[in-house]
Amino acid sequence: MHFSNDASPRRLTSSQKRANQWRRWSEDIIPAMIVPYLSYIQETVSLRHANTPAIRHRTDGECGTGCRTCNIKVACVFFDAFEEIAIIACPCSPAPLQLLRRGLFPCAPLAPSLAVDLQLLEFVRLLFLRQSPNQTAWCDALETFLDRMKYKLRLKNSLRRRFSNAFHWYQVLTVLAQNHIYTLVVGSWTDGARVDQPSDYLCSRCPLCFRGNDWRNGARDSLPMPDVIVCIDACFTQKHSANPRGAAGSDPPNPTPSFFLPTDDVKAMEDFVERCRRDRRQARTSRAEPDEDGYEEGMRIPVSVLNGCGDSFIAADEKREKASTCFFTDTGLMALVCRHDRVLWIANLTSAGEKQHYALALLDRLFKHIPPQMTIGLLYDIGCQLERSCRKWNFMDDSILSRITFAVAVFHAYGHQWACQIVYHPRKREGFGLSDGEGCERLWSFLKPLIPSLRVSGFNQRLFVLNTQIRHLDSKSLQGFGHWLHRRWIHCQSKKHDALDCLHTLELDENALCVEWKAQVDHQMRPTPRQSRNKAVEVITIILALEKMLQAQEASIHELEMQLLGVRVPNIGEVNLQLVDARSRYKKTADTLRRRRAALGTEDKVNLEKMKKDIYLTVRLNARAIKTRIRDRLRQRKFELERLERSYRATVNAERKLHANTQHSIKRREPGILKLITTYNSLCSQLRSLIQRRRAPPSAVPPHVIPREGVFQLDVDDDIWQDVGLDDDTLNPPAWLSDDTVRNGIRLQLEVDRCNEEEARLMWERAIIQEWMLAEWDSTQTALHTVVADPVMSFHLRSHADELVNICIIWKKKVQNIPCAWPMTASWGPSDEALDDDESSEGDREGDCESDLEYGEIEDEELMDAIEEIALVDEYRYGQNVEFTDDLDDLDDIGDDFMPSSPIKSLHKRRNI
């Protein structure tokens, strides 16, 4: 942007003035204030001795170089006072630097009318890191507080704007000052010795993942595990509203480092994805879709299973709108987070749906920062769909794709088909240990208080606030690494010992269990038979269900007619309405049954008659249909939990009002599912009785009943996923399907395997955490020797060293019972004397650190409880007609898609009726 330097320039617009002011702050004032700010912190011992009379009334004297001076009156705001001072500013001694030497920060770069005490600004900065920032309320409270102390503010009604300006640029200054100190430390160990290692950026993002001395340590070859585990997820609550006035452009960017992907990189990946799809689509147009189910190139699960998973998830449908682009210019965020919940990169979403190019852009950036041989374990809600797209459309080279192990996040695994879960579930797939892939969910939960303010902030201001919060999370998690490792180790050991004890009681051979598990995986990943055969069996099953439905409706009509013929009828009008409705249902079901029968071929009619005569086959088909419907109902109920974003839109009063409706929704939803479970268990009893009476095939296996307790959890090891005794494959069944002891043994053995992987990874991280402390301590000491003649830098580096000592004491104590994956020295960096000197205050520090771990250590049970209540509130907004209240309604509108595999699809069909 160019502004004329003529003697009589034209008047600048307000936006041009703001741009000029922003440029002066970014390019001139803030860089010049870094060293004076660090010097003031050193002089006042981290603001402990600020605001002394000598500092507050310090003057620079008159300029001796003959500069053109300017007298400026500045209103100064302190914690408990308000006063006006006069300063003489000139080019060689600008007003911001004079005010900074007095412990004040200006609101403008040239001629400020307001300056704020640094202690006050630092307090507000720390406060707004821990609660939702509200500068309007803060300034109003400050004005009222000073007014009651009889301080009259001439700047009243404009304090908020000027205070906000000073506060923002003070935050920028603190970030750049911290980076200045960090650069001295980093410069001491970036000496070129780290060849073929993760980038310095990644080392700074997560020490436990990337900062080991050598990621290729031989101990990592003991188990087939990825070198690093990361997760990806999107959040559509962090929106940014479109400007209601239709103003063009946005606020200028801030001169601070950002964790956000550049917009150009995201756009380039979007263009690349569209180009790949267009080219491949043109090459595939002549190919006819095969009738047989099979495998796509490079995939381990059949096409039918992948299609079922894609139908089950909103995230898999890129065209589905999750946020309106008419009202929001930025629709959400997508983050790439390591297994320690530290953000690696984050992307700003601008599309209405969760498009794959955002995830691909994040992965592309990650692979540019890691060595060519390093492998990645990726947890994503629709990891199966992302891998399918990458292989189908050639989004990634084989050299990169072969280094990624895809899996689905634990919290959303229930929405996948069972065949997909046995391949992609992190508790079934090798290498993921006990990682859950829900670090992004915890990140979104932490950022939740920012939603209201960021929705109406400027574009770059929104990114700046999010970056600031992420830095705050980094500081908290760094302090808590020792506690994190300690808790994970205890949990892993407890889980492993329990599983081993149970395995010991079963007295099963480990190798035999591995063989049975492999046989189960191979069997359950087979492609389904011909679609035409499946369709015929499905149509016959529907006809049988419709016939039973017709009988039940006929009995209901007869009962209502008998009520009308009775002597005493409480409400004749209501009974008449029920009778009319029942007859309408009966007619509709009869018409559907007639159409279905007419569509049967000769062979299908013969099969139908055979099935009617075969009581065992009929009961088994009914049981399987009901079990499928139970799974769909449970998925449908649990799918509502992921819609966290809508709960944030409600006000406190609205949420309180909807809480009662939530309880009603719970009571209304659960009986329908429990009724289906009772019906299914009754059919299982009938099948067991038929087998005992030898009215079933000789090798028939009775199906397992579904326990009512815990049925809503949809755990990966629940019997709800297994169709034992409900299909022809269970005739002459293998041990993994028919023997409960073997099935329990497989589950326990997989649990032990995952615990062994988690144990090995924790041992790596235990060694890496000590390597990081040693390297950081040595770098700090080297930097101290380099700046020994500079008292300011020496002070800040000593402060950094003191922080390392404080952290080291906690880390060393917490991980002392965790063995290292490779031999380590006894030293952690700081001397024993330094550690002993700080040992007395260790308890206080531990307590503080424990309280700061709310972000990264949310227990799964707590997360599930909180999210479920929010989701049920949201589900109530859809209206009560979404829920299928009884079995009659389920079959009244039977179309071509009976017993849908997608709960989302069934919801949309019901809404459109």
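How many bridges join strand S1 to S2? The count is 8, and the two strands run antiparallel, with S1 spanning residues 70-77. Two strands are taken to pair if DSSP finds at least two bridges between them. In S2, Phe82 is the bridge partner of Val77.

The model is predicted: local features need pLDDT of at least 70, side-chain atom pairs count only at pLDDT 80 or more, and totals for chains, interfaces and linings use all residues. Residues are numbered from 1 along each chain as its sequence is written, and side-chain values use heavy atoms, with hydrogens and water left out.

The protein chain holds 31 helices and 11 strands. Both are DSSP runs numbered from the N terminus: helices are H or I with at least four residues, strands are E with at least two. Of the 913 residues in the protein chain, 51% are buried. Here buried means under 20% relative accessible area, exposed means over 50%, and partly exposed lies in between (1.4 Å probe, protein chains only). The accessible surface of the protein chain is about 43400 Å². Carbon and sulfur atoms account for 51% of this surface. Areas come from the Shrake-Rupley method with a 1.4 Å probe; for residues, only the protein chains shown count as cover. Among contacts in the protein chain with a separation of 6 or more, 78% are between residues 24 or more positions apart. A contact means heavy atoms within 4.5 Å.

Strands S1 and S2 belong to an open sheet of 4 strands. The order is S2-S1-S4-S3, and the pairing is mixed. Strand S2 (82-89) and strand S3 (104-106) form the edges, each pairing on one side only. From one strand to the next, the twist averages 35°. Helix H4 (residues 118-130) packs on the sheet and touches S1, S3 and strand S4 (114-117). The direction of H4 makes about 70° with that of S4. Axes are lines fitted to C-alpha atoms, for helices over the stretch in contact, and angles run from 0 to 180 degrees between N-to-C directions.

The axes of helix H5 (residues 135-148) and helix H6 (residues 159-186) come within 9 Å and cross at roughly 115°. On the H5 side, the contact includes Trp138, Cys139 and Leu142. On the H6 side, Leu159, Phe163 and Phe167 are among the residues involved.

Salt bridges number 22, each defined as a side-chain nitrogen of Lys or Arg within 4 Å of a carboxyl oxygen of Asp or Glu. Asp265 and Arg365 meet in one of these (2.4 Å, N to O). Asp265 lies in helix H9 (residues 263-284) and Arg365 in helix H11 (residues 356-367), so the pair ties together parts 100 residues apart in sequence. Asp265 is partly exposed, at 34% relative accessibility. Arg365 is buried, at 18%.

Glu296 and Arg388 form another salt bridge (3.0 Å, N to O). Glu296 sits in the loop between H9 and helix H10 (303-312), and Arg388 in helix H12 (residues 383-393), 92 residues apart. Glu296 is buried at 19% relative accessibility. Arg388 is buried too, with a relative accessible area of 11%.

In the salt bridge between Arg442 and Asp436, the closest N and O atoms are 3.3 Å apart. Arg442 is buried at 7% relative accessibility, and Asp436 is buried at 14%. Salt bridges also link Arg339, Arg488, Glu758 and Glu765 in a network.
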